[in-house]
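Visitor: Could you walk me through this one slowly?
Guide: Gladly; have a look at it, and then ask whatever comes to mind.

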Amino acid sequence: MEPLSWFEIITRVLWQFIPVWIALIAVFVVSIRYKRRLGLYGKLFDSTIGMIGFALVMFWVFTGIFGAMDLIVTHDALSQVSGMKNEPPGTPLMRAEDGQYPYYLFGGDNLARDVFSRMIKGAWVVVQIAPLATIFAFMVGITLGLPAGFYGGRLDTFLSFLANLILAFPVILLFYLLVTPEIVATGIPNYMAVVLFIFPIVFIAVLLNSRYRTQPRIRTPLLIGVLGILGWLYLSLISESGSKVSVIPDFLDLFNVPGGILVVFVSVVFVNSPTVFRIVRGLALDIKTRDYVAAAQTRGEGAWYIMLWEILPNARGPLIVDLCLRIGYTTILLGTLGFFGLGLPPESPDWGTTINDGRRLLQIYLHPALVPALSLLSMVLGLNLLADGLREETLRD
Amino acid sequence: MTDSYDGPILEIESLSISFFTRLRDIPAVMDFSVKVMPGEAVGLVGESGCGKSTVALGVMRDLGKNGHIVGGSIKFKGQDLGAMSQDQLRSIRGSEIAMIYQEPMASLNPAMKVGKQLMEVPMIHRGSSEKEAHARALQVVKDVKLPDPKRILDAYPHQLSGGQQQRIVIAMALMAEPSLLILDEPTTALDVTVEASVVDLVKELGKKYGTSMLFISHNLGLVLETCDRICVMYSGEAVERGSITDVFDEMKHPYTQALFRSIPLPGADKNARPLRAIPGNFPLPHERPPGCNFGPRCDYFEAGRCDATEIPMTDVPGQDRHATRCLRFQEIDWHAPLGTDVQTTRSEPGDVVLKMDNLKKYYEVAANALFGKRGDTKVVKANETLSFEARESETLAIVGESGCGKSTFAKVLMGLETATDGQILLDNRNIESTSIQDRATQTIADVQMVFQNPFDTLNPSMGVGRQIIRALEVFGIGNSEGERRQRMLELLDLVKLPREFAERMPRQLSGGQKQRVGIARAFAGNARIVVADEPVSALDVSVQAAVTDLLMEIQREQKTTLLFISHDLSIVRYLSDRVLVMYLGHVVELGTTEQVFAPPYHPYTEALLSAVPIADTRVQKRHIVLEGDIPSAMDPPSGCPFQTRCRWKSRVPGHLCEQEVPPMRQMENGHQIKCHLSDRELAEMEPVIQIAAE
């Protein structure tokens, strides 16, 4: 068979993405039709920049999801096909079996794996980890930033000092330290997970308690139920048989997070939360002077109710914008980690690792590194544009 | 420019300005005409959103991206501003037309010394040398009566007080000796006594330099004091214009009349002659009614005539340049007395509910915030020996300017802070050292507060109904969600809001409506004492009357004790039973409303009374202008707190005022004054406000 021309490659790639296009069009049609009723999200569709950003982000989100469902991929991301090593884009398979896709659309990498499929699978890794890790970082930052801003004084001085300390430490060095086998063996990352992942539980518990404290009949069962489930999830998350933290027996352990991913998760949360802390603290300092906060105080509301129900909802504008930007940074951070071969396993299809693999033969074969690099670029660009669009729309009228 | 020009300085002819937004075009100003003659001051009055600032920006041709002049012309000294290029406009702005904005701090560059900012003006517009510019700056700063001009020129804006900043802004506007000065609410951000001195200054300088002025304000009293002519705006249109005396005494438009009836003039009384709020709401720019914009709210509305066609401006015959936009102005009997008003009986004060005894609140300010109290600490005396009683269903007004300690007092009463010394007795129980976390739910529900800023008083991300229900939850009212919901709807009825508002978000409500929700929330737990912290000062005049009346009505029904904090003496005189005047943490005068508003006065009360602008041509005021600014509470003067600004100080022998804090003197019938003046001198005081016989 002849290799595909560039035109054919593009057509075939666009065809592979059919489910993504359908999903994207559906989302846009529904959103634009009902945009006046959708609040801030709806306003996004008034800004061209915001729409472009949203389209780019949703493109990768859908790609990740459908990729995980094996819809878009043409080959298995890990299997090698002989004779395809470093072949250029559009090369046909030497001996295509029945039901096997007959081309490597974006060529093969130095282990003869399909670059196109690895890009799709890599999107799933990013789409899974980056937003989740960022949200965790936000919960930590919010839980500490609100009291720092609200109470001020020594608590604020202490927490701000701590945040500055972490921010002053070189991030890459920190990662290297955290993933060094000796350090992993001491259990430090596990202990950090124990500490960092307790914050979301504290956050939710305080949120519910302050809201329903006046109605014990609703509060007590609600808290027991929610905390029970969250506690179980928490224990399953941190506990891993064989590691330093193994607190519950295996039959109760709902899932095991691979050690590498846990470390990546912990590091991302650890380095992102101080910045979130500072933003939340600043917003809390501003909003606590408003009359509605004084009104809540004069009717005897507790400090946590004021922080979580009076201050936090009104800080959401800047926080949502920052969330988008920060997911972008986290994506880059994941790329950097992968590039240095930290955390994720070496055969992982995530973009950072793939770029690092392709780097060695960059002068001869460009495509194995270029494809994930462009993916990373477009996704982060999309998140930044989305944040810009959101910011513009929150400032308008 | 032609200096020999002697026609009108500014001539606006049927100006229309629209803003173009994503959804629709919004006409902000329609068919607006006004003429400013040389040396004349024209007042532009109206409620917020009526387009008065848009007119000013239109004159400066500074409407932003969305605003466009869609019709009419603006002529400055006979030249059409609309036909000028950007370059020509730039040479006019700042040198021929100068503008003074509301917020002085926002008009000064915080990173540049005051002198440099002033010198820029002649250097840019006239190419003056640095030396000339400096000399001119010094001269102008002297003209605006700032002490120590050399030091001021060398200061940064944040080192000056608000009043001084506004004087600098005025100085800057005068640097180039403009022919026209546009003042957009120049004193709204200032305290009353400071406002009075700034207004005085503007008037004097206007005369001295022969500058014409366009004075934009929502305060009718201020316009009366400063302007020769007035133009009343409503919903984008000029509805009436004429000379001050014509419009104030012989108004010919129903809106002007309604406006005057809704402000508390000296004759008004909450029981015998209550204020009349204008019914209905200000129309949104895209929902204006056909025909007369004021039609739906007008008492004299005639269907089929007032809503048929656009109504033109018509000259009132026999008066100088007096015109009105009303079809029926010749048919209406403008002097018909206000009938049909419900008169209410004065409610008698009951038992003492709240008693303050020698309350003191000091703050310690550490010099070094990081390492606690090791450094020098300064004591700020926010409240000093505060004593008074408040009875059931009584309105006690607390009057004073910013920094006088009234907010601190409210905080201590609410339990957000604890007192340093003294007692607060609520039903004979001491609550001065119980902070709000330790108070019983009933105590908290009993003492509630209504806040000043309507745009800040409700949580913007929570529904209106939800916020009231939350207050009910906290106060332990109602056993189920359903019961609380029912009670919430009743509270909405109480403050005269439609029940549908329960589902709305605060941003969908107008300022007055938000304030009503705030009142409903304060009364959720059947509060017995309500502290109202300037509840209407941020609202428009016509809404003020409605909210004030609502508060009075609820108070009458529920026998609430109302502590009404305000700096506006007109409204205080209208609604309060007793008045307490505060200055720098001290109570300087306490008595019934009649006692405080009549001599003998405390010298500060006297100045305060003189400073408040009153929108009534019959009122004659003695002119007392206080020098300087309010001293900082961090560094109060020795002896009597008011001695630095007091005009009676020289009458007290032997520098007593500078050495000792005067004792609280008991005058007749419980009237108290904190002053060293002898009885004879106090008795000699003349009334500040006198109403000329009709």
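**A loop in chain A**

Guide: Let us begin with A:M69, which lies in the loop that runs between helix 4 and strand 1 of chain A, and please keep in mind that this is a predicted model.

Visitor: Is A:M69 buried or exposed?
Guide: A:M69 has a relative accessible area of 52%, and since anything over 50% counts as exposed, A:M69 is exposed.

Visitor: How far apart are A:M69 and A:K121, in sequence and in space?
Guide: In sequence they are separated by 52 residues, while in space their C-alpha atoms are 9.9 Å apart.

Visitor: What about A:D70, where is that found?
Guide: A:D70 belongs to the loop between helix 4 (48-68) and strand 1 (91-92) of chain A, and its phi is near 60 degrees, which is a positive value in a residue other than glycine.

Visitor: Which residue in chain B has a positive phi although it is not a glycine?
Guide: One is B:E534, with a phi of about 45 degrees, and its place is in the loop between strand 19 (529-533) and helix 17 (541-558) of chain B.

Visitor: And is B:E534 buried or exposed?
Guide: B:E534 counts as buried, because its relative accessibility is 7% and the cut-off for buried is under 20%.

Visitor: Changing topic, how do strand 1 and strand 2 of chain B pair?
Guide: Strand 1, residues 10-20, and strand 2, residues 25-36, pair in the antiparallel sense over 8 bridges, and a hairpin of 4 residues joins strand 1 of chain B to strand 2 of chain B.

Visitor: Which residue is the bridge partner of B:E11?
Guide: The bridge partner of B:E11 is B:K35, which sits in strand 2 of chain B.

Visitor: Back to chain A as a whole: how many helices and strands does it have?
Guide: Chain A has 17 helices and 2 strands, and along its principal axes the C-alpha trace spans about 80 × 55 × 40 Å.

Visitor: What radius of gyration does chain A have, next to that of a compact globule?
Guide: Chain A has 24 Å, and this agrees with the value near 21 Å that a compact globule of 397 residues would have.

Visitor: How much of chain A counts as buried?
Guide: Of its 397 residues, 51% count as buried, while chain A exposes about 18500 Å², with carbon and sulfur atoms supplying 69% of that area.

Definitions and conventions: Residues are numbered from 1 along each chain as its sequence is written. Chains are lettered from A and ligands numbered from 1 in the order in which they are written. This is a predicted model: local features need pLDDT of at least 70, side-chain atom pairs count only at pLDDT 80 or more; totals for chains, interfaces and linings use all residues. Side-chain values use heavy atoms; hydrogens and water are left out. The radius of gyration is taken over C-alpha atoms; the globule rule is 2.2 Å times the number of residues to the power 0.38. Buried means under 20% relative accessible area, exposed over 50%, partly exposed in between (1.4 Å probe, protein chains only). Accessible areas come from the Shrake-Rupley method with a 1.4 Å probe; for residues, only the protein chains shown count as cover. Two strands pair if DSSP finds at least two bridges between them.
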